[in-house]
Amino acid sequence: MNYSYYPGCTLKTKAQNLEKFALHSAQALGVNLVEQEEWQCCGAVYPLSTDEIATKLASVRSLAAARDKGESLVTLCAACHQLMKRVNHDMQTKEDMREKVNNYLQLDDNYQGESKVIHYLELLRDEIGFETLAQKVKVPLKGRKVAAYYGCLLLRPKEIMNFDDPERPTVLEDFLESLGASAIHYPYKTECCGGYLSVDKEEVVEQMVDNIIRSALEQGAEEIVTACPLCKYNLENSRLCSKGEISISYFTELLAEALDVKEA
Amino acid sequence: MVSREKITPDMAKKEVVRICEISDENIVDCMQCGKCTAGCPAVHGMDILPHQVIRLLQLGQIDQLLQSEAIWSCAACFTCASRCPRAVDISKIMEALRLTLVRVKGNNRLDIEKVPKLLDKNIPQQAIVSGFRKYVK
């Protein structure tokens with residue numbers, strides 16, 4: 001099956017592993033992710049003010065391009081996913097913004113939020129299914145104690161992201177179990193890592209990541225997986241991680257490992 | 001800091017009205033339950049607590065907020081918004097307060113010249129782009 005795929009800036013630079021392992025795995029699962037032509041950076045943070053429209057245009061361009069091809073739009077980076085999903089929701093529900101955006105973009109067909117945006121994890125869960133995925137696993141990750149870290153952007157706001165329960169999500173744990181790993185449950189899995197505060201307020205971030213990692217360690221985790229390059233960066237910069245007490249990787253790396261396509 | 005003054009919409013100052021317009025949030029809906037503050041993961045960086053931010057806005061005391069560190073410690077994680085029993089999204093109000101400052105010429109939070117020095121070899125593009133979007137206009 002064909003999907004439009006939006007990588008985003010970080011996946012082409014510092015988070016190449018997130019993308020590489022996702023693409024290898026998709027191929028092994030018979031899913032064709034076709035990178036969009038001339039995609040633009042989504043802006044990394046969803047503009048929360050009602051009077052900013054220019055910063056949402058890049059997302060609309062990708063959404064409209066997917067619509068024109070009649071394909072769902074697949075994202076991998078949690079930040080890009082948040083942008084695409086929320087801007088799409090704006091285009092569906094905010095008449096004023098829809099009018100201004102379409103007046104400006106002058107597309108052949110006005111865009112009204114027709115595209116379906118799915119995160120790679122939703123693709124695995126809803127389109128392939130974790131049972132099918134489990135059958136395709138060649139190297140089960142037996143004995144691996146993995147804590148899933150969700151962060152904020154995939155889950156909240158729940159009415160728009162519609163991804164999983166924002167307080168007690170299970171998609172990443174179900175994913176890990178289907179690969180044969182032991183998913184570690186811990187209370188801080190949906191707490192914020194500090195995100196972009198690492199640019200301005202490192203001391204605030206320090207305590208936030210410390211809380212998360214300590215919580216995972218207390219429950220016996222030996223490694224953490226995430227879907228967000230900035231979460232990974234912040235967690236890796238933490239005191240406990242620098243001391244080598246736990247390692248952080250992208251969920252796609254474990255997927256590629258289990259499907260035995262890591263070196264493909 | 002928290003008083004028991006009764007609020008009526010006509011008390012609202014021009015600046016407060018603008019915050020409500022930019023954020024599209026109704027500050028009068030907040031009943032000061034404190035659930036936002038209880039769940040805020042960045043609360044250790046807040047000199048004014050999230051529920052107090054709303055209270056000060058209700059009272060029209062916006063100057064204190066614009067001088068606070070609280071608005072810059074908010075990481076826009078939406079935990080407060082997702083737990084608010086009155087559906088007030090404080091992350092949007094925090095954004096409106098930040099924008100009130102950075103939209104003034106020469107008032108960027110981040111000195112662009114200093115950005116290269118902030119960067120280490122692993123920092124993702126996502127962090128830099130977010131920083132520019134949040135702190136520079």
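Please keep in mind that the model is predicted.

**The sheet in chain A**

Let's start with the strands. Chain A holds an open sheet of four strands in the order β6-β5-β7-β8, with parallel pairing. Its edge strands are β6 (182-184) and β8 (247-250), each of which pairs on one side only. From one strand to the next, the twist averages 40°.

Two of the pairings can be followed in detail. Strand β5(A), residues 145-148, is joined to β6(A) by three bridges, and the two run parallel. One residue to look for here is A:Lys145, whose bridge partner in β6(A) is A:Ser182. On the β8 side, four bridges connect β7(A) with β8(A), again in parallel. There, A:Glu223 stands opposite A:Ser247 of β8(A).

Strand β8(A) also shows two faces: A:Ile248 and A:Tyr250 are on the covered one, while A:Ser247 and A:Ser249 are on the uncovered one.

| Helix | Residues | Strands it lies across | Angle |
|---|---|---|---|
| α8(A) | 171-178 | β5, β6 and β7 (223-226) of chain A | about 155° to β5(A) |
| α12(A) | 251-258 | β5, β7 and β8 of chain A | about 75° to β8(A) |

**Two domains in chain A**

Chain A is divided into domain 1 (2-120) and domain 2 (130-258). Taken over C-alpha atoms, the centres of these domains are separated by 23 Å. Where they meet, 20 residues of domain 1 are in contact with 17 residues of domain 2. On the domain 1 side, α1 (16-28) and α3 (78-93) of chain A each supply at least two residues. Helix α3(A) gives the most to that side, with seven residues. By class, the domain 1 side has nine nonpolar, eight polar and three charged residues.

**Where chain B touches chain A**

Finally, which residues bring the chains together? In chain B, 36 residues are in contact with 36 residues of chain A. The elements of chain B that give two or more residues to this side are α1 (14-23), α5 (70-73), α6 (79-83), α7 (90-102) and α9 (125-135). The largest share, nine residues, comes from α9(B). This side of chain B is made up of 18 nonpolar, twelve polar and six charged residues.

Technical notes
Residues are numbered from 1 along each chain as its sequence is written. Chains are lettered from A and ligands numbered from 1 in the order in which they are written. This is a predicted model: local features need pLDDT of at least 70, side-chain atom pairs count only at pLDDT 80 or more; totals for chains, interfaces and linings use all residues. Two strands pair if DSSP finds at least two bridges between them. Axes are lines fitted to C-alpha atoms, for helices over the stretch in contact, and angles run from 0 to 180 degrees between N-to-C directions. Two residues are in contact if their C-beta atoms, placed from the backbone, lie within 7 Å. Ala, Val, Leu, Ile, Met, Phe, Trp, Tyr, Cys and Pro count as nonpolar, Asp, Glu, Lys and Arg as charged, and the others, Gly among them, as polar. A residue is buried if 20 or more other C-beta atoms lie within 10 Å of its own, exposed if 12 or fewer, and partly exposed in between; C-beta atoms are placed from the backbone. Domain bounds come from an automatic or database domain assignment.
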